[in-house]
Amino acid sequence: MKIGFRRFSLPVIVLLIASLGLPSALFAADKRSISETDLFKFVWIADPQISPDGSRVVFVRVRVNQKSDRYETALWIVPAAGGPARQLTAGPRDGGPRWSPDGKTLAFIRSAEKDGKPQPPQIYLLSLDGGEAQQLTDAPRSPGGFEWSPDGKMLAFVSREEPNKDAPNPEGPGKEKDRVSDVRVITKAVYRFNGAGYFNPRAHAHIWTVSAAAGDKPKPRQLTKGNFDEGNMSWSQDGSRIYFSTNRVAEPYYGEPRTELYSIDREGGDERLVLSFDGGMGNYSFSGDGKRIAFSGVQNHKPVRSYGQPDVFLMNNESSAKPQNLTANYDFDIGGGLTGDQRAPRGASPGGVTWSKDGRWLFVNVAEHGSSNLKRIEAATGRVEPLTTGAQEVVSYTATPDASRMALVISTSTNVGDLFLLDAGSGK
C-alpha cells in the first residue's frame, strides 16, 4: 500500500483550520518571539525538603531582582496534598532548609545585611509554631553544609577554620601581619575557583558541632583539625558518630582522585578510617539499620580515561570493608542530569542515594537518552527498574525517613521546574 501526501493551496488550509475549530490566533503571524528580558521573569523552585511525616514540603523560591541585578531566595511551604504555597521567610538570601527530626523546627542558611552589605551566611532556626527566625551561629566564615543529629539536639556543619595567627607570614619574616596588601603570593597550582574567588591556603574546611538551643548563641565545637579539608558530612543512625570524607594529600590535584571516609565521635576524638576509595566519592547514605553504606562514585581505571561513568557502590559499615559496584553493567550515568535555564541558579540540591525502608532498594536519579529520571536499584542484585518515566529531568528530590513519599522538582523543555509528590511504592 502506498501512502501519499497531497499538496493543498492556502485557501484549502484556511478551510481545514476553520473546520477543525482551531483558534486563528495560533497561526497569527505577529506572535511575539521570546526575548532576552523574559529571563528576568523566570521563577525557580529549588531544594525541596519533605517533612518527616510527609505532610508538608519546604522549598527555596528563586527569583530575579532586575533592578538590583541579583538573584533573591526565600523559603516557602506547601501542603503535600496540594494547595496554596505560603512564604515562610522574607529573604532575600535564605536557603538550605532542613527539617528537625520531630518536624517542629527548620534550620536554614541566611546571609543578613549590615550597612547595606551582605554578611557571612549563618545558620538560623525557625519554629513552625510561629515567631521570628533566631540566629544560631556567629562564625566569621559561612557554614558549607549542615545536618541535624538524629535526636534533634545538635547540628553538625562544615566551616573553614580561621588561620592560625601565630603561623609564619607567607609574605616573609618581619612583615607586618595587619598591613593590607594587594599582592598575592601564589604557591599552589589550584588557587581560585569561579565564584568562590581566591583561596586562603591556610584556611581549611573542618567539622564542627553546635547545640540546637535557639536564642542562647551556643559556642560551636571544632571536631577536626589539620592542614586538610573535610566535607560530605553525615550522622550515624544512632547519633553517636559523624562521618565525613577527605583526601589527606597536600596537593591532590596532581594525582588521580581518591577519597577517604572517616568517622569521629560526636564529642570529638576516636577518629576511625572507614573506607579508602580509589576514585571520587559522591553522596552516601546509610541503610535503616546502619549496617550498610551506599554511595555514588567514579572509580579510577587503568589506563586513565578522559571520562569516568558514575556508578552506585554498596559496602558494609565496618573498617576495611570493600565496596561492591552495583551498576558496573548498567551503561548510564548515575546521578546525572541535564543543563539549561530550567535549573535553579541558586539553592539547588540534587538528592543523592536514598534507601527504601526495607533496605531492598536504592533510589537514585539517572541520565538516560536525553532525560533524567529516578530509578530503583536492587541492593542484592543490582537490577535497575524505572521509578519515574518521561521526557523530563528530575532535578532534585528528598524522601521521608521511611522513603514512602518523595518530593521532586521536575523540569521539561517547556516548563521550568514544578514541584511533585511521588508515592515511592507505586511510582505514581
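Visitor: Which residues lie nearest the centre of the largest cavity, and how many residues line it?

Guide: Keep in mind that this is a predicted model. The lining counts 13 residues, and Ile45, Arg343, Ala344, Val395 and Val409 are the ones nearest the centre. Strand E1 (43-50), strand E30 (393-399) and strand E31 (405-411) each give two or more residues to that lining. The largest share is from E1, with three residues.

Visitor: What is the make-up of the lining by class?

Guide: Eight residues are nonpolar, four are polar and one is charged. Arg343 is among the lining residues, and Arg belongs to the charged class.

Visitor: Over to Glu230, then. Why is Glu230 called buried?

Guide: Buried means under 20% relative accessible area. Glu230 comes out at 4%, so it counts as buried. Its place is in strand E17 (residues 230-235).

Visitor: What makes the link between Glu230 and Arg248 a polar contact?

Guide: The cut-off for a pair of N or O atoms is 3.5 Å, with one able to donate a hydrogen and the other to accept it. The side chains of Glu230 and Arg248 are joined at 3.2 Å, so the pair passes. Leaving out residues up to four places away in sequence, Glu230 also touches others, including Val158, His206, Lys225 and Phe244.

Visitor: How do you know that E12 and E15 pair?

Guide: Pairing needs at least two bridges. Strand E12 (residues 154-160) and strand E15 (residues 205-211) have seven, so they pair, and they run antiparallel. Phe157 stands opposite Trp208 in E15.

Visitor: Why is one side of E11 and of E16 left without a neighbour in the sheet?

Guide: The sheet is an open one of four strands, in the order E11-E12-E15-E16, with antiparallel pairing. Strand E11 (146-148) and strand E16 (221-222) are at its edges with a single partner strand each, so one side of each has no neighbour there.

Visitor: And how many helices and strands are in the chain?

Guide: One helix and 32 strands. Of the 428 residues, 39% are buried.

Definitions and conventions
Residues are numbered from 1 along each chain as its sequence is written. This is a predicted model: local features need pLDDT of at least 70, side-chain atom pairs count only at pLDDT 80 or more; totals for chains, interfaces and linings use all residues. Side-chain values use heavy atoms; hydrogens and water are left out. On a 1 Å grid over the protein atoms alone, a cavity is a set of points where a 1.4 Å probe fits but cannot get out, and a pocket is an open set with protein on both sides within 12 Å along at least five of seven lines; lining residues have an atom within 4 Å of a point. Buried means under 20% relative accessible area, exposed over 50%, partly exposed in between (1.4 Å probe, protein chains only). Contact means heavy atoms within 4.5 Å.
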